[in-house]
Amino acid sequence: MSPASLYKIRPLAAAIGLLLAFQSQAVPVNWRGTTGFWDVSGNWNPGLPTSIDDVIINVPGIQTVTVSSGSNEINSIAVTGDTTLAVTGGTLSINGTSNLVNYTQAGGNLTGAGSVNIGGLANWSAGIQSGGGTTNINGNLNINGN
């Protein structure tokens, strides 16, 4: 390979490396709705969360964000205020450390390699928790059903 060829390849390799680094960084995705469903793109800013995103749900009042269908994977989630994250169907896969105020599981699957910390009330009446992650309940846990 000639020295002139190397000068062409190096900037291209640097640009590709920069692009890959930019694409793999977690992006904060904010809930902008009130009570609603996870899979409605209008409830999110800038759009539906993906596997590399850090989800933030910080809205006033008593709200419930419900995962009811599909396969949803995120890096992490932070829920504040009086909002409850509910899984009633589908799958929510969490890969990083996450903090929830209240959690309800009435179906579906909570999975992933992450650590989910629940500081308030957790209600579990149906569904599966699987994967290599952990669920830490630091408040009250109500288990109902079979």
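## The whole chain

Begin with the surface display of the protein chain, whose accessible surface comes to about 7,900 Å², with 57% of that area belonging to carbon and sulfur atoms. Keep in mind throughout that this is a predicted model. Switching to a cartoon display, you can look for 1 helix and 15 strands in the protein chain. Of the 146 residues, 34% count as buried, and among contacts between residues at least 6 apart in sequence, 18% join residues at least 24 apart.

## The nonpolar core

Next, select Trp38, Ile57, Ile77, Leu85, Leu92 and Leu100, which touch the most other members of the largest nonpolar core, a set of 22 residues. Among the elements that give two or more residues to this core are strand 1 (28-31), strand 4 (54-57), strand 7 (76-79) and strand 11 (102-111). In soluble globular proteins, nonpolar side chains tend to be buried together.

Which residues surround isoleucine 77 once its neighbours within four places in sequence are left aside? Select isoleucine 77 and show its contacts, and you will find Trp38, Val55, Ile57, Leu85, Ile94, Ser98, Asn99 and Leu100.

## Strand 12 and its partners

Now move to strand 12, where both faces are covered: Ser115 and Asn117 on one side are buried, and so are Val116 and Ile118 on the other. Strand 12 pairs in the parallel sense with strand 10 (residues 98-100) over 3 bridges, and it pairs, also in the parallel sense, with strand 14 (residues 134-137) over 4 bridges.

To follow these pairings through individual residues, select asparagine 99, whose bridge partner in strand 12 is asparagine 117. From asparagine 117, continue to strand 14, where its bridge partner is asparagine 136.

## The tryptophan cluster

For the next stop, select Trp31, Trp38 and Trp44, which form one aromatic cluster. A search of the whole structure finds 2 aromatic pairs. In one of them, the rings of tryptophan 31 and tryptophan 44 have their centres 4.9 Å apart and their planes at 85°, so the pair is edge-to-face. Because tryptophan 31 lies in strand 1 and tryptophan 44 in strand 3, this pair ties together parts that are 13 residues apart in sequence. Tryptophan 31 and tryptophan 44 are both buried.

Turning to tryptophan 38 and tryptophan 44, you will see ring centres 4.9 Å apart and planes at 65°, so this pair is edge-to-face. Both tryptophan 38 and tryptophan 44 are buried.

Is asparagine 30 buried or partly exposed? Its relative accessibility is 31%, so asparagine 30 counts as partly exposed. Apart from its neighbours within four places in sequence, asparagine 30 is in contact with Asn43, Trp44, Asn45 and Ile56. If you draw a distance between the C-alpha atoms of asparagine 30 and leucine 48, which are 18 residues apart along the chain, it comes to 9.3 Å.

Finally, step from asparagine 45 to proline 46, where the peptide bond is cis, with omega near 15°. Proline 46 is found in the loop between strand 3 (44-45) and strand 4, and the tour ends there.

Methods. Residues are numbered from 1 along each chain as its sequence is written. This is a predicted model: local features need pLDDT of at least 70, side-chain atom pairs count only at pLDDT 80 or more; totals for chains, interfaces and linings use all residues. Side-chain values use heavy atoms; hydrogens and water are left out. Buried means under 20% relative accessible area, exposed over 50%, partly exposed in between (1.4 Å probe, protein chains only). Contact means heavy atoms within 4.5 Å. Accessible areas come from the Shrake-Rupley method with a 1.4 Å probe; for residues, only the protein chains shown count as cover. A nonpolar core is a set of buried Ala, Val, Leu, Ile, Met, Phe, Trp, Tyr and Cys residues joined through side-chain atoms within 4.5 Å. Two strands pair if DSSP finds at least two bridges between them. Rings of Phe, Tyr and Trp (its six-membered ring) pair if their centres lie within 6.5 Å; planes under 30 degrees apart count as stacked, over 60 as edge-to-face and the rest as tilted.
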